[in-house]
Each structure stands twice: as structure tokens, then as C-alpha cells.
Amino acid sequence: MIKPDTMHKLFYTPVWEFTYPDFVNDKQVFLDCLATEGMFITERERNNLVITRANLHKEPAFQRMALFIKECSRSVFDEMGYIPSCAITSMWATKQRKGGFHHQHIHQNTFLSGAFYLHDLDWNSYGTTFTDTAIGKNMINPAVHPNRHPMMKQHETFPFKEGKLVMFPAWAAHQTFPSQSNERI
């Protein structure tokens, strides 16, 4: 086979993974805070999923987490060639029971988004699945070589690893598949 001189990666979707360094110490603090009465807005429950208000970054229990996210955001901005001036405008938690899922969506009116994997009761939750919305890439699907992974895929799932933060452009379409766990936060 002839090797190309150069392979350009045009218009790709970057996703960064960070490990929260204080996770072992803070996990129970986060869970205790989220377990307090009224944290989750139960009247908005859909798809076996409940959500908190979008002000967790203002909660004392989440202050170190919010600082960590800001530092990760600054790092991502800098790596992308932007001035690393950013702030958290909203931060919330979702809790999914068995079968719970979050529909495919994007985050509007922001530049950068993230998902933090806090808790998987049964250690078998799906992570975040990103969908390639460039429909033309998948009009014809050639046979996949048995020993290789195709470069152009319709979606990619990041595994649910407690203590991990994934950051991505807010326009990246993402979702979660129905949870196999009895509780995923």
C-alpha cells in the first residue's frame, strides 16, 4: 500500500479527560450534599432521570470541584489557542435509576461543556456517547477490516469511570444510553 505524505484531521471534535485529584476525599461529601432534601427537582423527572438546579458550583460542598473544573477549562482554552478566560455559568447533577437515560442534546449559549462521573452503584453504567452529526460521513458504510477500527464512526462512547471529567465543545451532540446500574450520578 502507498502511504500518504500527510493525513489532515479536519473539523474533528476534541474531547479531553481529566482525573479529579480529590475524588477519594470528596466523593462522599458530594453524595451527602446531593442526598439532602430538595436537591433534585423530582417534578421534572423524565426517562428515569432527575436533575438538580443549575447552581451546584455555588454550593460549599462543590467549591473544590468548581475550582478544578475552572482550571481544566483554562487548560483546554489554552490548548485550543484561546485566551484562557472562562467561568462556570451553570453546573448541575443528574441521577439515573435503572433504565434511565439522557436524550441526545447539545448545550447552547456556552462554549465548553463537561460531564463528571461521580457514582455508579453497580459499576456497570454507560458513559457519555458522542454522535457524529456530519451525516455525509456515513452515507455509505464499507465493510470494516476485522483487525482494525474504522476512522469514521457514527458515535463514540466514553466509559463511565468514577472521578473522571470529560470536557468537550458545547456543540458536540451527546447522550447517555439506558443505565444498567440501579443508580448513576
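I took a disulfide as a pair of cysteine sulfur atoms within 2.5 Å. The model I looked at is predicted.

**Entry 1: cysteines**

I looked up Cys72 first. Its sulfur lies 10 Å from the closest cysteine sulfur, that of Cys86, so the two are too far apart for a bond. Seen from the other end, Cys86 is in no disulfide either, and its nearest cysteine sulfur is that of Cys72, 10 Å away. My count of disulfides by this rule is zero.

I then checked burial. Cys72 has a relative accessible area of 4%, so I noted it as buried. Cys86 reaches 21% relative accessibility. The buried class stops under 20%, so Cys86 goes down as partly exposed.

**Entry 2: a methionine patch**

Which residues form a nonpolar patch on the surface with Met7? I found Met151 and Met152. Together the three have about 380 Å² of accessible area. I placed Met7 in the segment before β1, a strand that covers 16–19. Met7 has 47% relative accessibility, and I logged it as partly exposed.

**Entry 3: Thr94**

I turned to strand β4, residues 94–97, where Thr94 is located. Is Thr94 buried or exposed? Its relative accessibility is 15%, so it counts as buried.

What does Thr94 contact, once neighbours within four places in sequence are set aside? I listed Phe40, Leu49, Val50, Ile51, His102, Arg184 and Ile185.

Notes:
Residues numbered from 1 in each chain as written. Predicted model: local features only at pLDDT ≥ 70, side-chain atom pairs only at ≥ 80, totals over all residues. Heavy atoms only, no water. Buried < 20%, exposed > 50% of the residue type's maximum accessible area, 1.4 Å probe, protein only. Patch = residues over 30% accessible without salt bridge, like charges linked within 9 Å, V, L, I, M, F, W, Y side chains within 5 Å. Areas by Shrake-Rupley, 256 points an atom, 1.4 Å probe, with all protein chains shown as cover. Salt bridge = Lys/Arg side-chain N within 4 Å of Asp/Glu carboxyl O. Helix = DSSP H or I, 4+ residues; strand = E, 2+ residues; numbered from the N terminus. Contact = heavy atoms within 4.5 Å.
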